Amino acid sequence: MAGHLSKCNLSGNNGCYCWNTSFNLGVRHFRESFIAYDWQIEVFAHNLKSYQHYFESDYNRGRPSLPRMVSEGIILKGDGIIDSIKCEAKELFSKGPEKWSTEIINTKRYLITDILDDFIGCNNRAEEIFIANTLAEVVSEFVLRTNNKWIGSSK
């Protein structure tokens with residue numbers, strides 16, 4: 001896989017990065033957001049080893065950020081190696097997240113009960129709103145993860 005990131009100037013935006021032809025394997029990964037050609041662009045660049053760490057991390061935490069981007073992404077240019085990485089991402093995504101242990105499930109149950117007790121005992125409307133939000137987030141994570149489903153946030 002040839003290519004590396006180097007500074008360039010797209011539409012007058014200094015500080016952005018572009019691919020060049022000789023990839024420096026010392027670069028573990030790179031992320032940059034910028035606007036070029038009136039498009040908001042996010043660059044997530046990995047080498048043939050760095051993406052594996054993120055696939056594993058996403059699997060363990062139950063948030064398939066990089067596997068989903070890779071599996072749903074469109075290959076603009078490649079020499080065939082990307083097809084196998086996309087296949088790996090699709091397999092990981094369809095497998096589901098790492099299963100929670102009984103210890104984690106019990107800890108999460110305790111946390112839910114603790115937050116629920118805070119909510120029941122609260123007399124401040126503003127505080128109740130924040131506690132209810134926390135409770136909704138923790139319960140939704142619990143339901144999804146105990147049913148071997150991915151969780152997500154943001155985009």
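The structure is a predicted model, in which local features need pLDDT of at least 70, side-chain atom pairs count only at pLDDT 80 or more, and totals for chains, interfaces and linings use all residues. Residues are numbered from 1 along each chain as its sequence is written, and side-chain values use heavy atoms, with hydrogens and water left out. The average pLDDT (the predictor's confidence in each residue, from 0 to 100) is 83 for the protein chain, and 82% of the residues score at least 70. Residues 1-25 are another story: their pLDDT is below 50, although the stretch has 59 contacts (heavy atoms within 4.5 Å) in the model beyond near neighbours in sequence.

Next comes helix α4. Helices here are DSSP runs (H or I, at least four residues), numbered from the N terminus, while strands are E runs of at least two. Inside α4, I105, I112 and I115 are buried, meaning under 20% relative accessible area, with exposed being over 50% and partly exposed in between (1.4 Å probe, protein chains only). These residues cover an arc of only 90° around the axis, so they sit on the same side of α4; the arc is that of the directions from the helix axis to the C-beta atoms. T102, E103 and Y110 are exposed, on the face turned away from the buried side of α4. The cover over the buried residues of α4 includes α5 (125-146).

Those isoleucines turn up again in the largest nonpolar core, which has nine residues: W100, I105, I112, I115, C122, I131, L135, V138 and F142. Such a core is a set of buried Ala, Val, Leu, Ile, Met, Phe, Trp, Tyr and Cys residues joined through side-chain atoms within 4.5 Å. The elements giving two or more residues to this core are α4 and α5, and α5 gives the most, with four. Leaving aside residues up to four places away in sequence, L135 touches I112, I115 and L116. Apart from this core lies another, of eight residues, including Y51, F55, A89 and L92.

Finally, Y59 is found in helix α1 (residues 50-61). Its relative accessibility is 18%, so Y59 counts as buried. Y59 and F93 are 34 residues apart in sequence, but 8.4 Å apart in space, C-alpha to C-alpha.
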